[in-house]
Structure formats: C-alpha cells, structure tokens
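Colleague: Could you take a close look at one spot in this model for me? After that, I'd like to hear how the rest is put together.

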Amino acid sequence: MGKYPRWPIHLALLAASFVMLVPFYWVLKTSISGENIFAYPPSIIPRDPNPFYYVDVWYAIPFARFFLNSVVVSVITIVANVVLNAMAGYSLTQRFLGKSAVLMLFLSCMMIPFQTTIIPAYLITGKLGLLDSYLGLALPMFSTIICIFVFKASFDAIPRSLIDAARIDGLSDWNIIWKVMMPLAKSAMATNVILSFIWSWNNFMWPLIATRSADMQTLPLGLARFLSYQEDSTGALYAFCIMVLAPGILLFLLAQREFVQGLTSGAAKG
Amino acid sequence: MRRPHFKLRKSTRKAVLIWSFLAPSLLIFFLYRILPLGWNVLLSFQAWSPMKPAVFIGLENYQEMLFEDEVFWQALWNTIGIIGSAPIGIAIALGLALLVNSDIRGRDIYRTLIFLSYPLMTVAVAIIWRWMFDERVGLINYVARMLDLVDKPIPFLNSFTWALPSVIAANIWQMLGFYMIIILTGLQNIPGNLYEAAAIDGANAFRRFLRITLPLLKPSIFLCFVIGMLNSVTSFDLVYVMTAGGPGHATEILVTYIYKLGFTQTRFDYAAAVTVVFFLLLLGVTFTANRLSGGNAGAVEID
C-alpha cells in the first residue's frame, strides 16, 4: 500500500515486545543473582551471577520426580487423545443413524467448561478408585471435542475413492484409519498432539484436586507447593520457575509454526 | 430373500463399528461433562457430605448463597470484572494485530515475542507476576519510585484496591498473544480488493478501518471473547498462586470460591449450588456474545 513512515510502527511493536519480555528477564535475573534478592534498590543487571539457586532447587524438591510425573501424565493424555479423537473423527465422516444427535451432544459438551465440573469430577474419579494415580490425572482429558472436529475436517478432505480402494483391497476400518488416513492427516495429528500437550503439561487445577501424595505431584503443582512452603524468601523459587519454563519456551520456538497453527485451528473450530 | 438380509447385516455391522469407535469418547464426555452437570444440579438441592446420607433441602443452599453469603457476591462481581476486562485485552490485541499485519521488516519476530507468553504454564506466569508486583524489589514499584510516581511502594497484591487490577493485568498479559493471533487470522481473511475499492471511492484509512475492517472482524473479536472466557482456567491458576483470593476476599472469583468450599471446607453440596450459578453465568454471557456477533462465534462447521 501507500508510503508511510515505518518507525512509529517499529516503536510501538518494540514497546509491546519489551513489555512481553521484561517479566521473564526480571525472574531470570533474580534466579542467577548471588546476593540477597531483597536488597534495595534491586539491581538491573545481576551482580556476581552464579547458579547457586539452581543447585538449591535439586536439594529442596524432587524435581526429577515432578518432571517424570508431568511427562507420564502428558504422554498418556497425548496418546489417548490421538487414538480416541481419530476414531471419533472417523465415525463422524460416516453416515449413520443418530449422527446429528451425537453432533449436538458434542457441541453442547463444549459449553461445559472444566471448572464447572470439579466437584463431581472429583467424586466420580474417587468412585473409580483413580484419585492419586497417573490414569486418574489424565482421564478427564482423554478426548477433546475440538480435536475430534479437527480430525473430522482433515478426514473429510481425503478423497473417498482412496478409501473405497483400500476397502476393496480388504483393509478393515481400523487399518483404513491408521494406514491410509492418518498419514494423510499429519497436520491434524500435530494440532492434537500440541494442544493436548499444552493442556496436560500446564494443567494445575485438576492435579491440585486429584493428587494427595507428594510423589504424584506434577510440575505446576510442585511449583505452587514450593511457593506455599517457602514463601518467596529464596531465589530458588525463581530458579525453579525458569527450569519449568525453559523446556516450554524451547519447544515453542522449535515448533512455532505448528503451535500457532494448532492453537488457531483449535480456536477457530470451536 | 437373501440379499436384503445380507445388506441389513452389513449395515448393522457398520453401525456397531461406528458406535464402538465413538464409545470411548462418548464415555469420557459422559463421565466428565454430562454426569457432573447433572450431579451438580442434584447436589445443589441437597444437604450432603461424604460421611452423611443426602437429604433433600430444596432451595436452602440457594437461599443461603443469595441472601446471606457476602463472599459469594464478592466472588460473583470479581468474576464479572475479569470477564468484563477481556475487551481491554482484545482492544490492545487488535491494535497489535493491525501493526503486525503491516509489511514491516521483522514482523514475524514481533509476532513470536508477543505470542510467547500464551502457551506457557500459568502457575509459572503467576509467580513471575508476583515478583514483578513485589512491594520491595518488584520491577513495577522500583520504576514507579525511580520516576517519583509514588512516595512509598504500593503493596499491589496485599492491597484491597490494587489486588484485583493486578491479577487482571497479569491475565491480559498472558492472553494478549492469543487474542492477537486470532484477530490476525481474521484480518488476513479480509479480501484485499475491498480496500482497493474503498480507496478508489476516496475513503481514508480511518474510514476504511471503521467501515471494512471492524465489521468483518466482528466474528473473530467475539470468538476471542468467548474462548477467552471459557478457557479462563488461567484465572484460577493466577488467582490461586498470586493472591489465593486475598486480601480478605478481594480477588476471590467463583472458581476459587468453589474450590475452597469443596476442598477446604468439604461443603460439596453448597459448592455445587455455587457451581450451578457460575455455569448459568457463563452460559448467559456466551449466549449474549453470540447474539451480538451475528450468531456464529465459536460455531463449528458441521458439514
């Protein structure tokens, strides 16, 4: 379009980027400063930087255990999500009696946010005997409606002739999904993996409710508990914070395109 | 005679297959969406705790909530405040999306930096902002004191006036990138020839924004609003970690109140009644937003 000065745009965006980044810097700075973190005035650049607080974290909490718990719950969630959602998405591409009722049900379920289910969800999981277990932590997130629709849209785009050909070759529906359709629905799968990873990895409320023993705590829970035990009297809290954030930021920067695509298609579809 | 029989068997087999593919997902949604909704309603009319048998008490829970419980009202207003603050974030995001959508160098980098905060763990974000708002050595107080804006540091998260705005600011900070990306997608879907036609007709940039961009962005904007509200699990994490609902109940929101009622006071029945009201509130706001946006915010293209 026409000619206009670019510097005001850069200025505004630099300011916005600054606001988005400065909080990270402030915590990073605190986590590597060697002095008393409550000294006033606070230093802008860490004086005498050292990794002592990071060492403290390893002694203060079972970081590896929390990390393992988070990984196990996320892996269960992601695998269950891809399998269940792909199956349900495939069903919705077929014609069958009661399809519109199922669609209505899915759409109305989307209107029930998780926060409004916590009391019964706790009681139900208790009745199933799954409180304080990996399965119980992952179960409520086993299937997600948004991702079912993402799969459905992706399957719908596959030419029917290909599926018919596979069927004539004698493939079962199960094999058609996994051998013919899934390789063609890679972007839907990436979307689902990323969304379910973010949801389970960052989830705080459900682990807070459904775990009792210290052994079962996931990273967000460990972080919140660490805060409540130690208050914010030590820089180790901020070192812990950085240790939790670093893998997430790294993953985001590596798979940025997929993240953005996944989150927008997830949102645009529902 | 054999053929129709065979066909029937084949279609039954197909139906069984389809339903067995749907069954696991349906089971999860039944267990964790439908059943909880019904159970909440049932529980809200009862006096019940895990050790005692349930007694039907009609509207007593609701009576207590609406007429005697000041914390409930405080939490309700705070929740409405947080939902009502979303337009501020969306307005800022709209501005940023317009800027990022221009053909300047490095716009992908700006986009990444602004989006970065959204997918991160909210508990960690809450700890970051606790530290930013810290009374003694938080950056915000430090800068305010450097610039002589305040005489003495403001204890943001311990102040009845400042605690809620502080939590809202942190919430907007985290949601900003998400709003921006959604609006950006909407912007990029507006056909460019509309602008060319308007420019030929002599409409200036401001009029073009008002008459073309804004109306065509309406669905994206309301999508932001609805998703932002329904996904505001973030606000539970933020409030729980930043202030735990305090000072007093200054930052109590309905979700944190439900959590406290259920899991620290073991009043599941009363918590269920509060949940029902919370659910109706969300439903009402979504419905209104949907109507205002022209009826298809968050709609799924079924076929």
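Modeller: Let's start with A:D132, which sits in the loop between α5 (118-127) and α6 (134-138) of chain A. Helices here are DSSP runs of H or I with at least four residues, strands are runs of E with at least two, and both are numbered from the N terminus. Bear in mind that this is a predicted model, where local features need pLDDT of at least 70 and side-chain atom pairs count only at pLDDT 80 or more, while totals for chains, interfaces and linings use all residues. Residues are numbered from 1 along each chain as its sequence is written, and chains are lettered from A and ligands numbered from 1 in the order in which they are written.

What makes A:D132 worth a look is its backbone: phi is near 65°, a positive value in a residue other than glycine. As a rule, most residues other than glycine have a negative phi.

B:T266 is not a glycine either, yet its phi is positive, at about 50°. B:T266 lies in the loop between α11 and α12 of chain B, and it is exposed, with 12 other C-beta atoms within 10 Å.

The axes of α11 (residues 254-263) and α12 (residues 268-292) of chain B come within 8 Å and cross at roughly 165°. That makes α11(B) roughly antiparallel to α12(B). Axes are lines fitted to C-alpha atoms (for helices, over the stretch in contact), and angles run from 0 to 180 degrees between N-to-C directions; under 35 degrees is roughly parallel, over 145 roughly antiparallel, 65 to 115 roughly perpendicular, and the rest oblique. The crossing of α11(B) past α12(B) is left-handed. On the α11(B) side the contact uses B:L254, B:Y257, B:I258, B:L261 and B:G262, and α12(B) brings B:F268, B:Y270, B:A271, B:V274, B:T275 and B:F278; contact means C-beta atoms, placed from the backbone, within 7 Å. Of these contact residues, nine are nonpolar, two polar and none charged.

Back in chain A, α3 (residues 63-93) and α7 (residues 145-156) pack at an angle of about 55°, with their axes 8 Å apart. That makes α3(A) oblique to α7(A), and their crossing is right-handed. From α3(A) come A:N81, A:N85, A:A86, A:A88, A:G89, A:Y90, A:L92 and A:T93, which meet A:C147, A:I148, A:F151, A:K152, A:F155 and A:D156 of α7(A). By class, that contact has eight nonpolar, four polar and two charged residues.

Chain A has 14 helices and zero strands. Its radius of gyration, taken over C-alpha atoms, is 23 Å, well over the 18 Å that the globule rule gives for 270 residues, so chain A is more spread out than a compact globule. Chain A's C-alpha atoms fill a box of roughly 75 × 65 × 35 Å along the principal axes, and 42% of its 270 residues are buried.

Chain B comes to 12 helices and two strands, in the order α-β-β-α-α-α-α-α-α-α-α-α-α-α from the N terminus. Chain B is also more spread out than a compact globule, because its radius of gyration is 25 Å, well over the 19 Å from the globule rule for 303 residues; that rule is 2.2 Å times the number of residues to the power 0.38. The box for chain B is roughly 80 × 60 × 30 Å along the principal axes.

The two chains meet too: 76 residues of chain A are in contact with 74 of chain B. On chain A's side, helix α1 (residues 7-32) gives the largest share, 13 residues. That side has 58 nonpolar, 14 polar and four charged residues. Across the way, B:A15 is found in α1 (residues 2-44) of chain B and touches A:F96 and A:L97, leaving aside residues up to four places away in sequence.

Definitions and conventions:
Left-handed = near helix turned anticlockwise from the far one by under 90°. Nonpolar A, V, L, I, M, F, W, Y, C, P; charged D, E, K, R; others polar. Buried ≥ 20, exposed ≤ 12 C-beta atoms within 10 Å, placed from the backbone.
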